[in-house]
Amino acid sequence: MPGRSGAGGSPRPFDRVVEGDARAVLDSLPEGSVHLAITSPPYNLRRPYHGYADDRPHEEYLAWLGDVWRSLYRVLVPGGRFVLNVAPTSIKDFRPIHHDLSTDLRRLGYIMRTEIIWYKQTMGRRTAWGSWRSPSNPHIVPSWEYVLVFSKGQWKLPGDRAQIDISAKEFETFSDGFWAIPPERRRNGHPAPFPEGLIERLVKFYSYRGNVVVDMFGGTGTVAAVARRLGRHYLHIDTSDEYCRSALARIRAARPPRGSPIPAPALATGPIVGPVLGPRE
Ligand SMILES: C[S@@+](CC[C@H](N)C(=O)[O-])C[C@H]1O[C@@H](n2cnc3c(N)ncnc32)[C@H](O)[C@@H]1O
């Protein structure tokens with residue numbers, strides 16, 4: 001574990017919102033310091049992100065993400081988990097991007113643990129039927145997303161049993177790999193935020209209280225806010241100053257469990273060794 005800072009008890013350099021590039025910030029972290037990374041990168045589907053053009057040639061897109069996954073591998077602890085959420089691509093220009101990404105990650109040495117189907121229950125709003133009631137060209141509507149789960153080096157994540165916070169009922173429910181969770185409706189000015197319910201399940205199922213949880217494409221701060229609320233240390237990274245500022249407010253408002261030493265976030269520019277811009281609270 002990295003050394004502890006004085007005030008607030010953060011394992012340095014965590015419990016921060018960092019406005020910076022995912023790879024550069026990961027490269028600045030100590031080796032073996034992260035227990036769980038949960039992220040959803042830009043999907044290359046021309047989504048309107050603030051300050052990022054979501055429209056790269058496919059091979060360039062995969063190579064860019066591959067560099068981020070390589071940087072993440074170094075900072076994960078042995079047995080550390082990487083949860084990658086990715087949506088199916090558009091109906092007409094379908095690419096099996098989840099296959100491309102899982103192949104790349106396995107090539108980089110990650111163990112692929114499983115694939116969870118996040119069923120978004122969005123069929124009520126469908127418009128694209130393709131050829132209605134005809135086999136000539138019917139469409140399947142992507143009403144789900146993939147949640148791909150990997151480990152570094154070994155399946156087991158060592159930890160203190162006293163820091164487990166999942167109930168028997170939750171364990172039973174979450175270990176069924178078909179998760180019916182509606183998408184997030186409060187968007188906070190962002191095109192693709194996670195629903196908190198999805199992240200709560202992942203954090204409780206795959207980490208212990210007191211672990212370090214990172215989202216390197218953090219957007220509105222869902223992962224960091226849920227991690228703090230559940231008593232985990234966190235690191236939020238995003239290139240957009242706008243998203244970082246709204247994440248900062250959201251993480252501040254997410255109170256950790258009583259007696260849990262998880263501080264409010266500081267705001268920093270990347271790489272993470274850069275100055276802390278904002279006070280904690
Ligand atoms: C799919 S969104 C993540 C949304 C997030 N899961 C949430 O709940 O709000 C992807 C994010 O990646 C950010 N991004 C794009 N390029 C980046 C880079 N090089 N480093 C870090 N973040 C980046 C975008 O600004 C965008 O907020």
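The axes of helix α2 (residues 58-75) and helix α3 (residues 97-107) come within 10 Å and cross at roughly 40 degrees. That angle makes α2 oblique to α3; angles under 35 degrees count as roughly parallel, over 145 as roughly antiparallel, 65 to 115 as roughly perpendicular and the rest as oblique. Here axes are lines fitted to C-alpha atoms over the stretch in contact, and angles run from 0 to 180 degrees between N-to-C directions.

Which residues meet? L62, L65, G66 and W69 in α2 meet D100, L101, D104 and L105 in α3. Contact requires C-beta atoms, placed from the backbone, within 7 Å. By class, this contact has five nonpolar, one polar and two charged residues. Nonpolar covers Ala, Val, Leu, Ile, Met, Phe, Trp, Tyr, Cys and Pro; charged covers Asp, Glu, Lys and Arg; the others, Gly among them, are polar.

## About the model

This is a predicted model: local features need pLDDT of at least 70, side-chain atom pairs count only at pLDDT 80 or more, and totals for chains, interfaces and linings use all residues. Residues are numbered from 1 along each chain as its sequence is written.

The chain has seven helices and ten strands. Helices (H or I, at least four residues) and strands (E, at least two) are DSSP runs, numbered from the N terminus.

## An enclosed helix

Eight of the eight residues of helix α6 (residues 222-229) are buried, so α6 is largely enclosed by the rest of the structure. Buried means 20 or more other C-beta atoms, placed from the backbone, within 10 Å of the residue's own. The cover includes β2 (34-39), α5 (196-206) and α7 (241-253).

Definitions and conventions: A residue is buried if 20 or more other C-beta atoms lie within 10 Å of its own, exposed if 12 or fewer, and partly exposed in between; C-beta atoms are placed from the backbone. Two residues are in contact if their C-beta atoms, placed from the backbone, lie within 7 Å.
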